[in-house]
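Here is a short note for a colleague opening this structure. Please keep the model in view while reading the points below.

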Amino acid sequence: MLRTNQSFLTYVQKLYEQQERKENIIVKQYSKGQKLFSQNENATKIMVIKEGITKCFFTENNDKEYIVEFLGNGEIIGEIEFIRQIACLCNIEAMTDVTVYAIAPDHFSQLIKQSLQLNNLLLNVFAERIINTSSRASYQQVYTIEHSLNKLLELQSRQEISISKEDMASYLGVTVRSLNRVLKNTPHH
């Protein structure tokens, strides 16, 4: 539910510290509610989350949001858009204050050509995403909304973040009204 990637974070931290003039990779701050990426706009950097939690979501044509994932420490964003040379596939918004390592595209390009470690990390990220997408699809068919909701509520208390009802509903793929019905019938809320 909350994706993190410690090995990617360690890799980028090392790169950041090894820079002589900190210009290829910079540290940027975003406050809660601020967008790191906007759907259909061009991404200017590739980012790795250093600290904090973001939500990755699509806005459909009818302005409905669908949350794909919650992303935390070590998650990379903007790399698919960079590799495919496309506009941002989704929105990424800070749910807490967020600090990122922002990597300049030309530097990222150079790293892809030179670093086997980066390529292995990226392969793992892509494989993990494919697994998560398919397991989440089957999970949502097998388990009830109640079960998924309990997992979300656990995440909320474990991370000490507040997830709005709208965000919960959009992550679970239900309306707020359906969510309220489930919340009403779920003990201890």
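1. Start with Phe8. Its relative accessibility is 1%, so Phe8 counts as buried (buried means under 20% relative accessible area, exposed over 50%, partly exposed in between, with a 1.4 Å probe and protein chains only). Phe8 lies in helix H1, residues 6–18. Helices (H or I, at least four residues) and strands (E, at least two) are DSSP runs, numbered from the N terminus.

2. A word on the source. This is a predicted model: local features need pLDDT of at least 70, side-chain atom pairs count only at pLDDT 80 or more, and totals for chains, interfaces and linings use all residues. Residues are numbered from 1 along each chain as its sequence is written, and side-chain values use heavy atoms, with hydrogens and water left out.

3. What is Phe8 in contact with, leaving aside its neighbours within four places in sequence? The partners are Val48, Gly74, Ile76, Leu118, Leu121, Leu122 and Val125; contact means heavy atoms within 4.5 Å. Phe8 and Lys50 are 42 residues apart in sequence, and their C-alpha atoms are 9.9 Å apart in space.

4. Now the five-stranded sheet. It is open, with the order E1-E6-E5-E8-E3 and mixed pairing. E1 and strand E3 (35–37) stand at the edges with a single partner strand each, so one side of each has no neighbour in the sheet. Two strands pair if DSSP finds at least two bridges between them.

5. Go through the pairs of that sheet. Strand E1 (residues 2–3) runs parallel to strand E6 (residues 65–71), over two bridges. Here Arg3 has Leu71 of E6 as its bridge partner. Strand E5 (residues 54–59) pairs with E6 in the antiparallel sense over six bridges, and Phe57 has Ile67 of E6 as its bridge partner. E3 and E8 are antiparallel, over two bridges; Lys35 stands opposite Glu93 in E8.

6. Check the turn between E5 and E6. This hairpin has five residues between the strands, and Asp63 takes a positive phi near 70°.

7. The other sheet has four strands. It is open and antiparallel, in the order E2-E9-E4-E7. Strand E2 (25–30) and strand E7 (76–77) are the edge strands, and each pairs on one side only. E2 pairs with strand E9 (residues 98–103) in the antiparallel sense over six bridges. Tyr30 has Val98 of E9 as its bridge partner.

8. Which residues of helix H7 (residues 176–185) are buried? They are Leu179, Val182 and Leu183. These residues cover an arc of only 100° around the axis, which puts them on the same side of H7; the arc is that of the directions from the helix axis to the C-beta atoms. The buried residues of H7 pack against helix H5 (145–159) and helix H6 (165–172). The face turned away from this buried side carries the exposed residues Arg177, Lys184 and Asn185.

9. Last, the surface. Phe58, Ile86 and Leu89 make a nonpolar patch of about 220 Å². Ile86 is found in the loop between helix H2 (79–84) and strand E8 (91–94). Ile86 is partly exposed, with a relative accessible area of 33%. Patches are made of residues with over 30% relative accessible area and no salt bridge; like charges are joined within 9 Å, nonpolar side chains (Val, Leu, Ile, Met, Phe, Trp, Tyr) within 5 Å. A salt bridge is a side-chain nitrogen of Lys or Arg within 4 Å of a carboxyl oxygen of Asp or Glu. Accessible areas come from the Shrake-Rupley method with a 1.4 Å probe; for residues, only the protein chains shown count as cover.
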